[in-house]
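Okay, thanks for coming, everyone.

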Amino acid sequence: MHSKMKQTTAYDVILVLGAQVRPEGVPSEALRRRLALAHARYLECPVPIICCGAQGTNEPMPEGDFMCAWLAEKGVPGDMLLSENKSFDTIENIKYAKVMMDAHGLTRALVVTSDYHVPRALAICRRYGIPAVGAGSESVRSYWLKNHLREMLAWGKFMIMRSGRGERQGRCPWTLLKGLRPLRIPAWGMYKRTPRCWYRDVCF
């Protein structure tokens, strides 16, 4: 794997953050755009790619596995693809990818995700000690409001995690708010990959 890397670049691995895989086994438009951008960046600089994402509700397979298969069909060699298929949110994406990076001697990441998502992804990378740069795919215009509302709430989650309170509790930090019960909100929950509770649904 390392023999194929260009060490002169600002990164030695590409992290692709997951999005929905549709039940019929095709990528959502957001995921397709992320994958297309990751593939283009790989062609510019052939470094290993870590594809991040677990299998959620109504998804036929883990997002990480699906993305690796998609990129393999585009000609990326199998030994340049790594699937991280345990993570259910952005914090877990980065946390688990860091373990894989350490195991393969990789130190500097290009994080590929949707444009609105890049700043928080890079902030999480800094928290886990990963030098990183971002590449944002154009977000789907019809989902602009939903995406930015979710991202605003996700920033709140990250700020609580950064304080250490959420990690010490070992659970979703929104449950630290006394009296908050996990309520399902179908209009939002339908977009999330795991039916846990609404505060996980909106903290993607």
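So, one definition before anything else: when I say buried I mean under 20% relative accessible area, exposed is over 50%, and partly exposed is in between, with a 1.4 Å probe and protein chains only as cover. Keep in mind that this is a predicted model, where local features need pLDDT of at least 70, side-chain atom pairs count only at pLDDT 80 or more, and totals for chains, interfaces and linings use all residues. Residues are numbered from 1 along each chain as its sequence is written, and side-chain values use heavy atoms, with hydrogens and water left out.

Let's start with strand S2. Helices and strands here are DSSP runs (H or I, at least four residues, for helices; E, at least two, for strands), numbered from the N terminus. S2 is covered on both faces: Ile-49 and Cys-51 are buried on one side, and Ile-50 and Cys-52 are buried on the other. To get to S2, the chain leaves S1 and passes through H1, and this β-α-β crossover is right-handed. Right-handed means that, with the strands pointing away from the viewer, the path from the first strand over the helix to the second runs clockwise.

What does S2 pair with? S1, for one: the two run parallel and are joined by 4 bridges. I count two strands as paired if DSSP finds at least two bridges between them. Within that pairing, Val-16 stands opposite Cys-51 in S2. S2 also pairs with S3, again in the parallel sense, over 4 bridges, and there the partner of Cys-52 is Glu-84 in S3. The link from S2 to S3 goes through H2, and that crossover is right-handed.

Stepping back for a second, the protein has 8 helices and 5 strands. Reading from the N terminus, the order is β-α-β-α-β-α-β-α-β-α-α-α-α. There are 204 residues, and 50% of them count as buried. Contact, by the way, means heavy atoms within 4.5 Å. Among contacts with a separation of 6 or more, 67% come from residues 24 or more positions apart.

Now H2, residues 63-73. Its buried residues are Glu-63, Gly-64, Phe-66, Met-67, Cys-68, Trp-70 and Leu-71. What covers them? The cover includes strand S1 (13-17), helix H1 (29-44), strand S2 (49-52) and strand S3 (81-84). The charged end of Lys-74 sits over the ring of Trp-70, 4.9 Å from its centre. To count, NZ of Lys or CZ of Arg has to be within 6 Å of the ring centre and within 35 degrees of the ring normal. Just after H2, Gly-75 has a positive phi of about 105°.

Two loop residues next. Gln-20 is in the loop between S1 and H1, and it counts as partly exposed because its relative accessibility is 29%. Beyond its neighbours within four places in sequence, Gln-20 touches Pro-27, Ser-28, Leu-31, Glu-59 and Glu-63. Gln-20 and Ala-30 are 10 residues apart in sequence, with their C-alphas 7.8 Å apart.

The other one is Asn-58, in the loop between S2 and H2. At 58% relative accessibility, Asn-58 counts as exposed. Asn-58 has a positive phi of about 70° although it is not a glycine. Most residues other than glycine have a negative phi.

Last stop is the other end of the strand series. S4 (residues 109-114) and S5 (residues 132-137) pair in the parallel sense over 6 bridges, and Thr-113 has Gly-136 in S5 as its bridge partner. Between S4 and S5 the chain goes through H4 (residues 118-127), in a right-handed β-α-β crossover. How much of H4 is covered? Mostly: 7 of its 10 residues are buried. Those are Val-118, Arg-120, Ala-121, Leu-122, Ala-123, Ile-124 and Cys-125. Just after H4, Gly-129 takes a positive phi of about 75°.

That's my tour; over to you.
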